[in-house]
Amino acid sequence: MSKNYNPHLQAAVLEVVENQLAGNNPPETRKTYERLIQEGHSEEDAKKLIGCVIAAEMFYIMKQEKPFDNARFVEALNRLPEIPE
């Protein structure tokens with residue numbers, strides 16, 4: 001495990017994943033989750049992969065001082081299990 005692993009941050013991001021799935025908002029999160037499960041990923045791993053996209057989007061927004069871009073977010077979901085940079 002990475003020295004930079006933060007379990008509190010991971011829990012917060014996974015809570016966002018759970019909220020998106022529960023609210024079906026955006027619907028692409030649920031579609032991606034179901035696709036990843038069908039591809040053989042565990043429920044936990046599917047949620048963590050989606051969390052990677054959420055974390056990358058949050059980092060991009062803060063670093064670039066740009067607003068949330070749903071198209072960019074959905075594009076990254078569609079590329080999973082490829083991890084966003």
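Among contacts (heavy atoms within 4.5 Å) in the protein chain between residues at least 6 apart in sequence, 58% join residues at least 24 apart. This is a predicted model, where local features need pLDDT of at least 70, side-chain atom pairs count only at pLDDT 80 or more, and totals for chains, interfaces and linings use all residues. Residues are numbered from 1 along each chain as its sequence is written, and side-chain values use heavy atoms, with hydrogens and water left out.

**Exercise 1.** Work out which pattern the protein chain follows along the sequence.

*Solution.* Start by counting: there are four helices and zero strands (DSSP runs, H or I of at least four residues for helices and E of at least two for strands, numbered from the N terminus). Now read along the sequence, and you get α-α-α-α.

**Exercise 2.** Find which residues have the most contacts inside the largest nonpolar core.

*Solution.* A nonpolar core is a set of buried Ala, Val, Leu, Ile, Met, Phe, Trp, Tyr and Cys residues joined through side-chain atoms within 4.5 Å; buried means under 20% relative accessible area, with a 1.4 Å probe and protein chains only. The largest one has 14 residues, and L36, I50, V53, I54, L77 and L80 have the most contacts inside it. Next, look at where its residues come from: α1, α2 (27–38), α3 and α4 (70–79) each supply at least two. The largest share, five residues, comes from α3. Finally, zoom in on L36: leaving out residues up to four places away in sequence, L36 touches H41, A46, L49, I50, L80 and P81.

**Exercise 3.** Decide whether K47 is buried or exposed.

*Solution.* First locate K47, which sits in helix α3. Its relative accessible area is 19%, so K47 is buried. Then check its neighbours: not counting residues up to four places away in sequence, K47 touches L14, V17, E18, L21 and Y33.

**Exercise 4.** Describe the lining of the largest pocket.

*Solution.* On a 1 Å grid over the protein atoms alone, a pocket is an open set of points where a 1.4 Å probe fits, with protein on both sides within 12 Å along at least five of seven lines; lining residues have an atom within 4 Å of a point. The largest pocket has a volume of about 390 Å³ (the space filled by probe spheres set on the points, which are joined across faces, edges and corners). Of its 16 lining residues, Q10, V13, G51, C52 and A55 are the closest to its centre. The elements giving two or more residues are α1 (7–23) and α3 (43–64).

Methods. Nonpolar A, V, L, I, M, F, W, Y, C, P; charged D, E, K, R; others polar. Buried < 20%, exposed > 50% of the residue type's maximum accessible area, 1.4 Å probe, protein only.
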